[in-house]
Amino acid sequence: MRVSQQAKASTRKRILDSARVLFVREGFEHATTRHIAREARIAAGTLFNYFPTKEAIAAALVGEALDAAQEDFERRRRRCSLEEDLFAQVAAGLRRLKPFRRFLRPVLQSTPHPAGVADNEAAAIRGEQMERVRRLLAEHGIEPESPLTLQLYWTLYVGVLGFWTADRSPKQEDTLALLDQSLAMFAAWLRETARPESQRSHN
Amino acid sequence: MANVADLLHAVPTDADEPGLAGETRLRELFARLSLRPVPTGTWRRFWRLGGLHAQIGLAYTMHWLRGWFQGAERKQRDLAATRLNAAFRLLETMGYLRGAIMKVGQTLANFPDFLPEEFVATLERLHFLAPPMHFALVREFLHNELGGDPEDVFASFETEAFAAASLGQVHRARLKTGELVAVKVQYPGIARTIRADVRGLVTLLWPLRLSRDWDSVKARIEYIHRTLELETDYRNEARLQERVRSLFREDDGIVVPRVFQEYSTHRVLTMEYLAGRHVHDYLAAGPTQDKRNRFAAKLVRSWYRLFYAARLHHPDFHPGNFIFMDDGRLGLIDFGCVLELEDEDWELMGKSDRPLTTGRRDERLAFLKEWLDLPSDAPEDDRLSLCDRYAEACWKPRTAAGEFDFGDEQEFRRAFDLFIEMLRKRYTRGRPLDAFISRWDFGSRSMLYRLQARVDVRAIAEQEIAATGWDRSDYATLSN
Ligand SMILES: Nc1ncnc2c1ncn2[C@@H]1O[C@H](COP(=O)(O)OP(=O)(O)O)[C@@H](O)[C@H]1O
């Protein structure tokens, strides 16, 4: 029997809803795919048609959260400096990702390497996020001439998220400082490298 | 705040990392960056800037390079190197977290005998700044601290800060109940960083341990640590502010802003906004002598009120802490570093009252011997004699009968020169309180000098001292 697109989408949603609940309730480590399938009222085998691994489910949840965060960000956006714009974008993500903070690490581990052969969900997140940043930079008049720029951004981004997952400071205040300083560094670096070679200061 | 070990740990790494050709050079560069000295004289030898930004840079760059160098062509590697150099140069110019270090430097300036030659310069720049925060950062921080976005928590919130504070910045806002408020926000994590830095100070100063100053140095560092612990906590500041507020009545014409506890935390202080100007702008408008005298009298009264009625000492008498309000009232702010005198110090202060009141030299010498822990029959050596001249100059506004002219440049210079001489001869080592008192002396004297004010200090002090309940019945007979 062929499964309609609609039915597929609804099953996928059921899986994600169940996983969201279970990850938060039981913790990422303890929630098994079997468990998630049962909660979603589907066969374990069916689940694998949608997501090859538990990490892929987590990645999909993260992807959804980041989509929602992007909307938050766009809604609240105001004219501001590049640093602030970049910061607001990541900060919106942190807010949406908050419920998943503890199981973000395994997802991150599968995404960071630029040439990584990560699974599709994780790769999609990375592609999506880098595209958003590319657009943001373009709006500030910065057209990165090389893919290095976005890779550096991605490294900073993943570094901050990784730090955040383990941040034990009160209300994760250290993450805010780290994010602020990292993005200030990135923005300053962009401005420096965006200038023509002849104007750069040489050592 | 985050350190490099945490960060390296957090940055996800690849399973197998081949050695990296540029790695050693990179490490060297970053090491150089993070060893940049703090610009505070003597401390240069002992203190190295933790270089958080440099460390972050290192962590990220290494990670980035590892990925990149793996498959890159030579040409691309060169390109990467060019960009790296650009990054390094930028890192060198960035002052992030300087504020934290500076705040400690600022506190060290309270102990001027550490860095005599630097003292005058340090006096000039007692105010250092935390990195500025853009609104997106302020919003996240307030969201975490107050449980909601500033746009929602307040009726309105100005996105641009209107003033800088040593640990952060101040925003104007309006509460939903209508009050105009000043919201002082700390840079995230800065308080913990400062405390950690100071905790490490004793270790960094270890090379000094054989010097004759060691015990005093150590005691002072511990003192700084305790003080900073309180100073960086806005809850403590709020508590002191409320206490000071309760000391003034409407007809004093002195205002301390009310604290809004529901909108305050350890890191956020929300208080009534006081509209007015700082001394510089106030003077620019050319106020009359009479108006200046009246403000000056309030300045003097405010200090004595805190001291006599509450045993509080406000050492930070600098222009940023006073608001000259348009209606003639004087606004007092910033109680983070107000000291609560301990019994022992208070007792000693009580003993200074007598020489202060009589103005007699023998009384003053007797008091100074006690202050300096000298026996009462100690001969009058150079140190004692210099301390006496200094005390005489400092106390003059109080011992002089009638109006004292703070605009008298010669008087101002005399006290200052004597103090410098004491520093040079290293006669100032003693209680930590000494330094705070000196700082107050010069803070208040400079303010009043700028105002070119004439104030009957004695009359004010005599009114305020009643609150102490001290028995002063025999002073009259001692007066000369
Ligand atoms: N309640 C207030 N009303 C008006 N201005 C204020 C108020 N509180 C602070 N400010 C402004 O902010 C500046 C810094 O505040 P302050 O409390 O002195 O900071 P710090 O923590 O550095 O001591 C002040 O000099 C003043 O200009």
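How many helices and how many strands does the secondary structure of chain A come to? After that, please take me to the contact of H5(A) with H8(A).

Analyst: Happy to. This is a predicted model, in which local features need pLDDT of at least 70 and side-chain atom pairs count only at pLDDT 80 or more, while totals for chains, interfaces and linings use all residues. Residues are numbered from 1 along each chain as its sequence is written, chains are lettered from A and ligands numbered from 1 in the order in which they are written, and side-chain values use heavy atoms, with hydrogens and water left out.

Chain A comes to 9 helices and 0 strands, where helices (H or I, at least four residues) and strands (E, at least two) are DSSP runs numbered from the N terminus. Along the sequence this reads α-α-α-α-α-α-α-α-α. Of its 203 residues, 53% count as buried; buried means under 20% relative accessible area, exposed over 50%, and partly exposed in between, with a 1.4 Å probe and protein chains only. Contact means heavy atoms within 4.5 Å, and among the contacts in chain A with a separation of 6 or more, 71% are between residues 24 or more positions apart.

Now to your part. H5(A) covers residues 82–97. Its 16 residues reach 23 Å from the first C-alpha to the last, close to the 22 Å expected at 1.5 Å a residue; the expected span is 1.5 Å times one less than the number of residues. H5(A) is mostly covered, with 14 of its 16 residues buried.

Its partner here is H8(A), residues 147–165, and the two pack at an angle of about 40 degrees with their axes 12 Å apart. That makes H5(A) oblique to H8(A). Axes are lines fitted to C-alpha atoms, for helices over the stretch in contact, and angles run from 0 to 180 degrees between N-to-C directions. Angles under 35 degrees count as roughly parallel, over 145 as roughly antiparallel, 65 to 115 as roughly perpendicular and the rest as oblique. The crossing of H5(A) and H8(A) is right-handed, meaning that the near helix is turned clockwise from the far one by less than a right angle.

Which side chains are involved? From H5(A) come Leu86(A), Gln89(A), Val90(A), Leu94(A) and Leu97(A), which meet Tyr153(A), Tyr157(A), Leu161(A) and Trp164(A) of H8(A). By class, the residues of this contact divide into 8 nonpolar, 1 polar and no charged. Here Ala, Val, Leu, Ile, Met, Phe, Trp, Tyr, Cys and Pro count as nonpolar, Asp, Glu, Lys and Arg as charged, and the others, Gly among them, as polar.

For another helix pair, look at chain B, which has 20 helices and 13 strands. There, the axes of H13(B) (residues 289–310) and H19(B) (residues 457–464) come within 9 Å and cross at roughly 30 degrees. That makes H13(B) roughly parallel to H19(B). Their crossing is right-handed, and the contact has 7 nonpolar, 1 polar and 3 charged residues. Ala467(B) is found in the loop between H19 and H20 of chain B. Leaving aside neighbours within four places in sequence, Ala467(B) is in contact with Tyr308(B) and Ala309(B).
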